[in-house]
Amino acid sequence: MTVLAYEIMTPSIKAVPQSWTMDRLARFLTDNEITGSPVTDDDDEIVGIATLKDITEFRWNATRSDADRHLTPEEREEARRLRMVIFEEMGKVPVEVRDIMTPIVLSVDEKTPVRDIANIMMREHLHRIFVTNDSKITGIITTYDMLKVISNEELTQRCADND
């Protein structure tokens with residue numbers, strides 16, 4: 001018998017509003033020991049996903065530039081100093097989750113076989129994917145949930161039996 005999404009998904013999802021600041025999101029993710037969260041609009045509809053990677057990339061991009069490789073060492077230092085001043089000023093204006101989130105939300109149905117989910121996650125380079133039933137999100141599958149299939153002998157055998 002094939003292992004299906006609903007059997008390995010995490011049913012409780014912690015979503016955040018798109019109006020939260022990036023700093024509040026960072027605290028939320030850290031406090032809940034998670035690396036990403038769905039993002040909702042004012043009508044509680046999921047409009048994207050925000051992750052620690054999004055926060056890191058925003059901060060990283062604010063402090064460096066690929067154009068630096070064409071500069072002299074003196075110009076590079078001046079450009080770095082100017083970016084730091086700009087970044088410091090940007091820090092005074094709160095960056096909202098809507099500014100850093102990924103607006104694409106990929107999902108699978110609760111009855112999707114785990115092998116298909118693994119293929120989607122690998123092809124799209126995803127660490128998490130939402131699970132739906134009648135277009136409503138009912139859970140999430142993360143790479144950790146996928147590891148449960150490998151560590152659970154019964155689930156591993158069921159996957160192997162379907163080859």
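I take helices (H or I, at least four residues) and strands (E, at least two) as DSSP runs, numbered from the N terminus. The model is predicted, so I note that local features need pLDDT of at least 70, side-chain atom pairs count only at pLDDT 80 or more, and totals for chains, interfaces and linings use all residues. Residues are numbered from 1 along each chain as its sequence is written, and side-chain values use heavy atoms, with hydrogens and water left out.

**Largest pocket**

I looked up pockets on a 1 Å grid over the protein atoms alone; a pocket is an open set of points where a 1.4 Å probe fits, with protein on both sides within 12 Å along at least five of seven lines, and lining residues have an atom within 4 Å of a point. The largest pocket holds about 840 Å³ of space. I find 31 residues in its lining, with Gly36, Ile49, Thr51, His127 and Arg128 nearest the centre. Helix α3 gives the largest share of that lining, 4 residues.

**Second largest pocket**

This pocket holds about 230 Å³. Its lining includes Val149, Ile150, Thr156 and Cys159. I see that α6 gives the most, with 5 residues.

**Helices α7 and α8**

Which residues make the contact of α7 with α8? First I checked the packing: α7 (residues 143–151) and α8 (residues 153–161) meet at an angle of about 85 degrees, with axes 5 Å apart. That makes α7 roughly perpendicular to α8 (65 to 115 degrees). Then the contact (heavy atoms within 4.5 Å): Lys148, Val149, Ile150 and Ser151 of α7 touch Glu153, Leu155, Thr156 and Cys159 of α8.

Key. Axes fitted to C-alpha atoms, helices over the stretch in contact; angles between N-to-C directions. Parallel < 35°, antiparallel > 145°, perpendicular 65-115°, else oblique. Points joined across faces, edges and corners; volume = space filled by probe spheres on them.
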